[in-house]
Amino acid sequence: MAGRNGRTVRDLRRGNRTAVLQRLYFDGPLSRFELGPATGLSSGSVSNVVADLVADGLVEEAGSVDSDGGRPRTLLRVSPDSGQLIGVDVGETRVRIELFDLALTELARTERPLTPQGYDAEVIAGHIRDGVAEMLAAEAAAPERLLGVGIGVPGIVENTADRGSVVHGQTIGWDAVPLEQLLRASSELPGTVRYFIDNGAKTLGQAEMWFGAGRGARNAVVVLFGSGVGACLVTPEVERGRAVEWGHLTVRVRGRRCRCGAPGCLEAYAGAESLLARWREEGGRPPADADEETALTAMLAAAYPAEGRAADPVALAVLEETAEYLGAGLSDLINLFQPERIIVGGWAGLQLGTRFLPSVRRHATTYALRHPADKVTIELGRLGPDAVTVGAAILPLADFFAAGGHRPAPAPESPLPAWRTALRERTPGA
């Protein structure tokens, strides 16, 4: 029966379960007494919801604390073993796949290196399928508890009714690639696997907001600085974040050609790929046949050498120019969205790290309006190179919480033990 606001009793119960699960997950362990004010629920509702969640195996006891003159209060937490998640980062140099428990503790991982021309959609889909199969067959895996596979990709993700998640990745040559359809076309994985596909900058932002440098902020921008650049905007109106194609903001009319095809994009000046290209054009010598991460390490060593050695003036000048472009790009984010925090992540951002950030901050405040610039802090992400993978795993976790901790039932034609056995037989070393 629906109430005046259109919500049914089932909706209310789901909402109550969601509220309790989220408070225990982010602030737990908590007692039943503490859950009341934390969730806004009555003590009776808390008791009923907790009893349901304990019966479902989602919540467990986690010790006790003394109360004021009464019996000790039992503490509760979300059970880490009650579910598993797989996160996938389709990066610039590799596809990384990780298996997590519900507390996002890593249980297993695998990586598939990419060649510079490795963005063929079928190749990427094959890497994801193989990696997911390997995770499902891992010793620590419990496929019957798998809540879903989250995937962070470069580009714009469109969710369609007929083809599932479709990726528009202009910079990698993907024109409406039906990635979810490609993954489901394989007989190697059970049809019950649920896929959650989103922009990699958004999954990075999700991770930093939940567990990293963004925690506690209401307005933030999380920047992914890798081969290209992207950003995720988080506001009270967009709590789960919105990917913005910040790298394709025009910073120079008739400027350098970006890999998206347009002239003058920020990415054509501030992405690691363009940074290394400009060093080479100015006479620098990146290591032959090295991947971007190795080449950037060499560039940093040339610009900031060990004591007693002369710095490479070309490398230093290109890095400083890149810092100015990044700072100018951040100033646009500051002026447009007035965030309280800007968090810089991505493999290149983390590698450049503290050497680079003071210069970026200085340029950002120079180009931005004074009032919003005075209110923003710019800092590095705290979750390291796995942040996109962790954020991808959060996608099915957030969906699970929104559903009140209810799992979709597996299809009867896909019995879990049968396909798990098959995966183990097909996976080397399983």
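Modeller: Let's start with the largest nonpolar core: of its 48 residues, Trp-246, Met-299 and Leu-330 touch the most other members. By core I mean buried Ala, Val, Leu, Ile, Met, Phe, Trp, Tyr and Cys residues joined through side-chain atoms within 4.5 Å. Buried is under 20% relative accessible area, exposed is over 50%, and partly exposed is in between (1.4 Å probe, protein chains only). Helix α10 (residues 313-337) gives this core its largest share, nine residues. Helices (H or I, at least four residues) and strands (E, at least two) are DSSP runs, numbered from the N terminus.

Bear in mind that this is a predicted model, where local features need pLDDT of at least 70 and side-chain atom pairs count only at pLDDT 80 or more, while totals for chains, interfaces and linings use all residues. Numbering runs from 1 along each chain as its sequence is written, and side-chain values use heavy atoms, with hydrogens and water left out.

Zoom in on Leu-330: leaving aside residues up to four places away in sequence, it touches Val-223, Trp-246, Ile-342, Val-360, Ala-364 and Ile-378, contact being heavy atoms within 4.5 Å. Apart from this core lies another, of 35 residues, with Ile-151, Ile-172, Leu-179 and Leu-183 among them.

Strand β7 (residues 146-153) and β11 run parallel and are joined by five bridges; strands pair if DSSP finds at least two bridges between them. The whole sheet is open, with five strands in the order β6-β5-β4-β7-β11 and mixed pairing. At its edges are β6 (106-113) and β11, each with a single partner strand, so one side of each has no neighbour in the sheet. Even so, five of the five residues of β11 (residues 195-199) are buried, so the rest of the structure largely encloses this strand.

What lies across the sheet? Helix α6 (residues 200-211) lies across β7 and β11, at about 100° to β11. Helix α4 (residues 121-136) lies across β4 (84-90), β5 (94-101), β6 and β7, at about 155° to β6. For those angles, axes are lines fitted to C-alpha atoms, for helices over the stretch in contact, and the range is 0 to 180 degrees between N-to-C directions.

One more buried spot is Thr-389, at 0% relative accessibility, in helix α13 (residues 387-402). Beyond residues up to four places away in sequence, Thr-389 touches Gly-87, Val-88, Asp-89, Arg-96, Glu-98 and Phe-100.
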